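Have the viewer open while you read.

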Amino acid sequence: MRDSVILMYHDLLPDGEPFPAERQPYVLDPGIFRRQLTMIRRSGLAMCTISEWARARECAGASGAPPPAPCVILTFDDGDLSNYTQALPLLREAGLTAT
């Protein structure tokens, strides 16, 4: 398999807060996020940023080389405060990065 995986996150729910119904498809419990990070670490796949992935694909295409090895890319959109207060500590704990 030579496909990379891009996981897009929007917002993590602060501990103990109820899930607002209108935001449910876009909000993730920090405990679930922690379990996902554990599964990513155990997968053995490399982590990369969108920029690193795009650059590697561009270089491979220009040289005729095979695409880069598969990696996992974690992205957060909108810059919600929880990206810093909830996600960043969990990413650091897992030794992983996100864009």
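## Sheet and helices

In strand S5, Val 72 is the bridge partner of Met 47. Strands here are DSSP runs of E with at least two residues, helices are runs of H or I with at least four, and both are numbered from the N terminus. S4 and S5 (residues 71–76) pair in the parallel sense over two bridges; two strands count as paired if DSSP finds at least two bridges between them.

Zooming out, three strands make an open sheet in the order S1-S5-S4, with parallel pairing. Its edge strands are S1 (5–9) and S4 (46–47), each of which pairs on one side only.

A word on the ground rules: this is a predicted model, where local features need pLDDT of at least 70 and side-chain atom pairs count only at pLDDT 80 or more, while totals for chains, interfaces and linings use all residues. Residues are numbered from 1 along each chain as its sequence is written, and side-chain values use heavy atoms, with hydrogens and water left out.

Now the helices on the sheet. H1 lies across S1, S4 and S5 and runs at about 155° to S5. H2 also packs on the sheet, where it touches S1, S4 and S5, and its direction makes about 135° with that of S5. Contact means heavy atoms within 4.5 Å. Angles run from 0 to 180 degrees between N-to-C directions, with axes as lines fitted to C-alpha atoms (for helices, over the stretch in contact).

| Helix | Strands touched | Angle to S5 |
|---|---|---|
| H2 | S1, S4, S5 | about 135° |

How do H1 and H3 pack? H1 (residues 30–43) and H3 (residues 81–94) meet at an angle of about 30°, with their axes 10 Å apart. On the H1 side, the contact is made by Pro 30, Phe 33, Arg 34, Leu 37 and Arg 41; H3 brings Gln 86, Ala 87, Leu 90, Leu 91, Glu 93 and Ala 94.

As for the whole chain, it has three helices and five strands, in the sequence pattern β-β-β-α-β-α-β-α. Its C-alpha trace spans about 50 × 25 × 20 Å along the principal axes. The average pLDDT, the predictor's confidence in each residue from 0 to 100, is 84, and 94% of the residues score at least 70.
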